[in-house]
Amino acid sequence: MSACIRVNGREEDLAAPTVAALLAGRGIVAGTRGVAVALNGAVLPSRRWDETPLSAGDALEIIRPVQGG
Amino acid sequence: MNDTLTIAGREFRSRLFLGTAGYPNQQVMLDALEASGSDLVTLAIRRISLDGYSESLVDVIGDRAGLLPNTAGCLTAKEAVLTAQLAREALGVDWIKLEVIGDRELLYPDVEELLRATEELVADGFTVLPYCNDDPVTCRKLADLGAAAVMPLGAFIGSGLGIRNPHAIETICARSPVPVVLDAGIGTASDAALAMELGCAAVLLNTAVSKARDPVRMAAAMRDAVAAGRAARLAGRMPKRGFAEASSPQLGLIGT
């Protein structure tokens, strides 16, 4: 079985070495206003995306603001 | 006459806060925002679509209004705190409309979790505006924990039922050490005016505008209603009487 991580609740293969690499694969670069990331339940500031490795079992939440009341 | 609303040291020109959800389209939302005169709009925080990144709501709103992210949909203090922290990271905004609900159908606040989340977020440097029950005790506890305002509901979120317990709202306003923002339940302009007449500092609404037949026109009506209700509050209403009292002179009646 290959190593997996959860991204926004969906299980996927661990392919990217860092948080920044995973986000770049989805068109999100550090400094994109309105995007924020939590790694294993804690906010990961965008300045640390580059240096933060991903390991099997990690859970990432990637959010942005949407219309709301 | 200067009658500026101040919450946590920040001044607002308008006493109407507007939600951004449920409009027929984005242009109607922007037009309604302009017509409302509001300078604070609410946003929700959600998982990004992993299929593609579309135009950011933040860019759409631009500098038209300040942003007040919410924690809508959160069921626990833990979820709400993380959502608020993500909102701060995403937007650079440390104001939060704190919602912690205890029932997904009623969207009614879970008071225990709300109090816990308020305490944690205040300690973390947030300006916390909790959506809460129309309960003077809960409102007092929230203020004591450092909430910058309290936002009691007029009725269920999205119900448009108006202010179901005006006396409770009036009591909260009379006793609250922090500004009271009527949040949820507003259905039409008279509801917003009533909130202000009862002593609320501001009104937060969304569906009443976004689901009106003509949202832009309703946004203008809400702007006027809030202004009229506020003016009436400051003017001081006449006392209520149980019986008639003629306003025309009683002397000189024809035929007497």
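Strands here are DSSP runs of E, at least two residues long, numbered from the N terminus. The views below show a predicted model.

**View 1. Thr52(A) sits in a loop between two strands of chain A.** The strands on either side are β4 (42–43) and β5 (59–67). Is Thr52(A) buried or exposed? Its relative accessibility is 9%, so Thr52(A) counts as buried, the limit for that class being under 20%. The side chain of Thr52(A) reaches back to Arg48(A). There it meets the backbone oxygen at 2.5 Å. Leaving out residues up to four places away in sequence, Thr52(A) touches Pro17(A), Thr18(A), Val19(A), Leu39(A) and Leu44(A).

**View 2. Asn40(A) lies in the loop between β3 (36–39) and β4 of chain A.** Asn40(A) has a relative accessible area of 47% and is therefore partly exposed. Which residue does the side chain of Asn40(A) meet in a polar contact? The partner is the side chain of Asp58(A), at 3.1 Å. Along the chain, Asn40(A) and Asp58(A) are 18 residues apart. Their C-alpha atoms are separated by 6.2 Å. Asn40(A) also touches Gly57(A) and Ala59(A), on either side of Asp58(A).

**View 3. Asn206(B) touches residues of chain A and chain B.** Asn206(B) is in the loop between β10 (202–205) and α8 (207–210) of chain B. With a relative accessible area of 10%, Asn206(B) is buried. From chain A, Gly68(A) and Gly69(A) touch Asn206(B). From chain B come Gly19(B), Thr20(B), Ala21(B) and Tyr23(B). Residues up to four places away in sequence are not counted here.

**View 4. Helices α1 and α9 of chain B cross at roughly 20 degrees.** Helix α1(B) covers residues 26–36, and helix α9(B) covers residues 215–235. Their axes come within 7 Å. How do the two helices run relative to each other? Angles under 35 degrees count as roughly parallel, so α1(B) and α9(B) are roughly parallel to each other. The crossing is right-handed. On the α1(B) side, the contact is made by Val28(B), Asp31(B), Ala32(B), Ala35(B) and Ser36(B). On the α9(B) side, Pro215(B), Val216(B), Ala219(B), Ala220(B) and Arg223(B) take part. Of the residues in this contact, seven are nonpolar, one is polar and two are charged.

Key
Residues numbered from 1 in each chain as written. Chains lettered and ligands numbered in written order. Predicted model: local features only at pLDDT ≥ 70, side-chain atom pairs only at ≥ 80, totals over all residues. Heavy atoms only, no water. Axes fitted to C-alpha atoms, helices over the stretch in contact; angles between N-to-C directions. Helix = DSSP H or I, 4+ residues; strand = E, 2+ residues; numbered from the N terminus. Parallel < 35°, antiparallel > 145°, perpendicular 65-115°, else oblique. Left-handed = near helix turned anticlockwise from the far one by under 90°. Contact = heavy atoms within 4.5 Å. Nonpolar A, V, L, I, M, F, W, Y, C, P; charged D, E, K, R; others polar. Buried < 20%, exposed > 50% of the residue type's maximum accessible area, 1.4 Å probe, protein only. Polar contact = N/O pair within 3.5 Å; in protein donor to acceptor, adjacent residues only side chain to side chain.
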